[in-house]
Amino acid sequence: MKFAHDFLFGAATASYQIEGATDVDGKGPTNWDEFVKIPGKTFEGTTGEVAIDHYHRYKEDIKLMAEMGLESYRFSISWARIIPDGVGAINPKGIEFYNNIIDECLKYGIVPFVTLYHWDLPLCLEKDGGWLNRKTIDAFLNYANVCFESFGDRVKHFITFNETVIFCGHGYLAGAHPPGIHNAPEKYFQATHHVFTAHAKAVIAYKKRKQYGEIGLSHVFTPAFSIDNSEDNLFAAMHANQFNLNWFYDPILKGEYPDYVMAWLETQGIQPKITADDRESLIIAAPLNDFIGLNYYQPMRVERIHMPGDVVEPTRENATGAPGNPSFDGVYRTVAMDDKRYTKWGWEISPDGFVSGLQLLKEYYGDIRIYITENGLGDEDPIIDGEVCDIPRINFINDHLVAVKKAIELGVNVKGYYAWSAIDLLSWLNGFKKQYGFIYVDHDNGLARKKKASYYWYQKVIETRGSNLKS
Ligand SMILES: C[C@@]1(C(=O)O)OC[C@H]2O[C@@H](O)[C@H](O)[C@@H](O)[C@H]2O1
């Protein structure tokens, strides 16, 4: 089976991870520009000061994407490049840079798919409470409107937030992302609520503009499965899905929070403060979402445990996603299983879990349009005779695209696939060691770009609309 003619084959990046030029042409500082200076927070002290210098090399990079035949490029806008202080004055050089990116994409017929927030918050806002401060909701709405106004004539696909569970979870539970707070579930849940409210207000504002594009957001998609059929472990899977899936997807797609989680929060006395206006925004926005973006890397295999919360030391290593950590509330633990395959970073490789999870989403949320806005293999790619032979990445993406095809045949409404990542880039917690790209970046040779084996393979996938995939 070929993928439909309107299925988008894309690839993705994020501003802080590729641009560099963190203090160039009027850009304001972000929370990450400060956070990376804290010893131990990033791998070997790597920062995004240069990243892969996409700010100066974007023409070369987008030309390489065009040569691959990429149909759509998902990238994020750095809020602090557009509005340096988060609110107030607009930086014309920032508007100019992203206009150049968008126009360069359109020059090659590449569909720009824009993420408004991919974790780099203007430092002024972070210092003023960040996502814990309700003012950040209105600051985001203002920023989103500036982007709709500046780019909405050519950009017809907007993602408001990338992976709320990560920047809030690492920010207020694991302490591994700004603001680096550890084990503060009341802050975590309140911050997520403010983000959902900001999303809802931005959706409503976008629709009012009648720019006739589509808007949604991208969530991590990590469906939880019990390690066996015992009652305890089946309970653990249900609990994990309520906290990691329903808490994030229900307020966006249903306009209300899951009762199960709200009841649990009430027992702990940490239900987020929700105003009547927040509730109204969530309810109005829910049916206006055009799509949900799924960032799928792996499922979770869980078992029930009976431990107090906060039993994980807040280290970078503990936050890189490998199984074994207990949940923040001590109810379940993720488990590595003997009959599963794992990446070098301990992430399970499970295209089957992807199909099962997509079917679960269809049960929960019906026929909402879905884009796979991230999927890819983080690896250390072997270089043999000067060529980057990332065969494991080819196999990974092949198997996950076959899974997407299968899900579509089962009636799941998937309309596009964005590999993470278009080009090797900075990993927040793994430096440049964990590579995801179709294009290699040589940090020992002036950041020279080089097409990998997977670049040529994905070029063929796009050309044949997936008929070269091996199931
Ligand atoms: C934690 C990690 C990783 O480095 O493996 O997950 C996969 C991918 O998710 C993206 O949303 C992040 O922007 C990107 O940096 C990656 O981050």
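Which residue in S4 is the bridge partner of Tyr117? Hold that thought for a moment.

Okay, ground rules. This is a predicted model, so to speak of local features we need pLDDT of at least 70, side-chain atom pairs count only at pLDDT 80 or more, and totals for chains, interfaces and linings use all residues. Residues are numbered from 1 along each chain as its sequence is written, and side-chain values use heavy atoms, with hydrogens and water left out.

Now the overall picture. We've got 15 helices and 15 strands; those are DSSP runs, H or I of at least four residues for helices and E of at least two for strands, numbered from the N terminus. The radius of gyration is 21 Å, close to the 23 Å from the globule rule for 471 residues, so the protein is as compact as a globular protein of that length. That radius is taken over C-alpha atoms, and the rule is 2.2 Å times the number of residues to the power 0.38. Of the 471 residues, 62% are buried, meaning under 20% relative accessible area with a 1.4 Å probe, protein chains only.

Let's zoom in on strand S3, residues 111–117. Six of its seven residues are buried. S3 runs parallel to strand S2, residues 72–76, with five bridges joining them; strands pair if DSSP finds at least two bridges between them. Across that pairing, Tyr73 sits opposite Pro112 in S3. S3 also pairs with strand S4, residues 157–162, again in the parallel sense, over three bridges.

And back to where we started: the partner of Tyr117 in S4 is Phe161.

How values were computed
Buried means under 20% relative accessible area, exposed over 50%, partly exposed in between (1.4 Å probe, protein chains only).
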